[in-house]
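Dear colleague,

Please find below the structure that I am handing over to you. My notes on what was found in it follow directly after it.

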Amino acid sequence: MGRSFEVRKASMAKTQGAKIKVYSKYGKEIYVCAKNGGSDPESNLSLRRLIEKAKKDQVPGHVIDKALDKANGTGGENYEVARYEGFGPGSCAVIVDCLTDNNSRTYMDVRQCFVKNDAKIGTPGAVSHMFEHQAVFQFKGDDEEGTLEALVMADVDVSDIEADEGVITIFAPHTEFFKVKNALSDYLGDTPIDLEEITFVPQIDTQVSGEDVERFEKFLDMLNDCDDVQNVYHNAELI
């Protein structure tokens, strides 16, 4: 799953416009996280993880600071979390996470992405049972047994670990994120962790082929162009 997980992740920051979209996405998410749980990363662990992730994605410091300042102020936007599930082109399972100040608008925008690409939006829970909410880490290495031993010695609950083509991928319950991160930091020393995030990991892949591949790529592009869409998870394996 390690390599297929990496292939499944699509980079949005390919153009200047896409970078602005990424900055906007992080700014909104940091604002909501700080507004709900406090703007101190030391006491708000979700905020700390989000800021670290934003910095890895090269989000400028002034974007992060602006979002935190905004959260510390009075008033501001009232964003809500909205999640939509359904089946994309080729019958792959899709979860779309949004932050919105207008549920009706966001639902219509996301629904159009499904409708225009031979996909079907479903009811809550339609496909989420096909995914696990997990912490995922990746770094360069091939000592799978040594890594697992270090995590076990640190009393970390690991769901799975894989070594493939010089890359080690670790899957753990999302609640174990910081325990895994701290254990890996002690074990790896100066070796950087290339990927560290909490995400939805599919338990079964769905092969998407032929004309559905082009539809699927258009489908993802349309979702990523929606201002309210924060993350898209799927189990598509393009062939």
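Lys 181 sits in helix α7, which runs over residues 177–188. In this predicted model, the relative accessible area of Lys 181 is 15%. Because the cut-off for a buried residue is under 20%, Lys 181 counts as buried. Apart from neighbours within four places in sequence, the contacts of Lys 181 are Glu 52, Phe 137 and Glu 196.

Lys 55 belongs to helix α3, residues 45–56. With a relative accessible area of 57%, Lys 55 is exposed. Between the C-alpha atoms of Lys 55 and Asp 164 there are 27 Å in space, and the two residues are 109 residues apart in sequence.

The chain as a whole

The protein chain contains eight helices and ten strands. Its radius of gyration is 18 Å, close to the 18 Å that the globule rule gives for 239 residues, so the chain is as compact as a globular protein of that length. Along the principal axes, the C-alpha atoms fill a box of roughly 50 × 50 × 35 Å. Of the 239 residues, 44% count as buried.

Over residues 10–15, however, the pLDDT is below 50. Beyond near neighbours in sequence, that stretch has seven contacts in the model.

Helix α4 covers residues 61–72, and its twelve residues should span 16 Å at 1.5 Å a residue. The C-alpha atoms at its ends are 17 Å apart, which agrees with that expectation. Which residues of α4 are buried? They are Val 63, Ile 64, Ala 67, Leu 68 and Ala 71. Seen down the axis of α4, these buried residues fall within an arc of 130 degrees, so they line one face of the helix. On the other side of α4, His 62, Lys 66, Asp 69 and Asn 72 are exposed.

Helix α5 has 13 residues, and the distance from its first C-alpha to its last is 18 Å, close to the 18 Å expected at 1.5 Å a residue. The buried residues of α5 are Thr 106, Val 110, Cys 113 and Phe 114. Around the axis they cover an arc of only 100 degrees, which puts them on the same side of α5. Against what do the buried residues of α5 pack? Their partners are β1, β2, β3, α8 (211–225) and β9 (229–234).

Tyr 84 is placed in strand β1, residues 80–87. Its relative accessibility is 11%, and Tyr 84 therefore counts as buried. Not counting residues up to four places away in sequence, Tyr 84 touches Val 94, Ile 95, Val 96, Cys 98, Asn 103, Thr 106, Tyr 107, Val 110 and Ile 121. Thr 106 and Val 110 are also among the buried residues of α5. Tyr 84 and Asp 225 are 141 residues apart along the chain, and their C-alpha atoms are separated by 16 Å.

Asp 97 lies in strand β2, residues 93–100. Asp 97 is buried, with a relative accessible area of 11%. Leaving aside neighbours within four places in sequence, its contacts are Ala 82, Arg 83, Phe 200, Asp 228, Val 229, Gln 230, Asn 231 and Tyr 233.

Two loop residues

Asp 118 is found in the loop between α5 (103–115) and β3 (120–121). Its phi is near 55 degrees, a positive value in a residue other than glycine. Is Asp 118 buried or exposed? Its relative accessible area is 55%, and Asp 118 is exposed.

Glu 165 occupies the loop between β5 (160–164) and β6 (167–173). Although Glu 165 is not a glycine, it has a positive phi of about 55 degrees. At 65% relative accessibility, Glu 165 counts as exposed.

A colleague

Definitions and conventions: Residues are numbered from 1 along each chain as its sequence is written. This is a predicted model: local features need pLDDT of at least 70, side-chain atom pairs count only at pLDDT 80 or more; totals for chains, interfaces and linings use all residues. Side-chain values use heavy atoms; hydrogens and water are left out. Helices (H or I, at least four residues) and strands (E, at least two) are DSSP runs, numbered from the N terminus. The expected span of a helix is 1.5 Å times one less than its number of residues. Buried means under 20% relative accessible area, exposed over 50%, partly exposed in between (1.4 Å probe, protein chains only). The arc is that of the directions from the helix axis to the C-beta atoms. pLDDT is the predictor's confidence in each residue, from 0 to 100. Contact means heavy atoms within 4.5 Å. The radius of gyration is taken over C-alpha atoms; the globule rule is 2.2 Å times the number of residues to the power 0.38.
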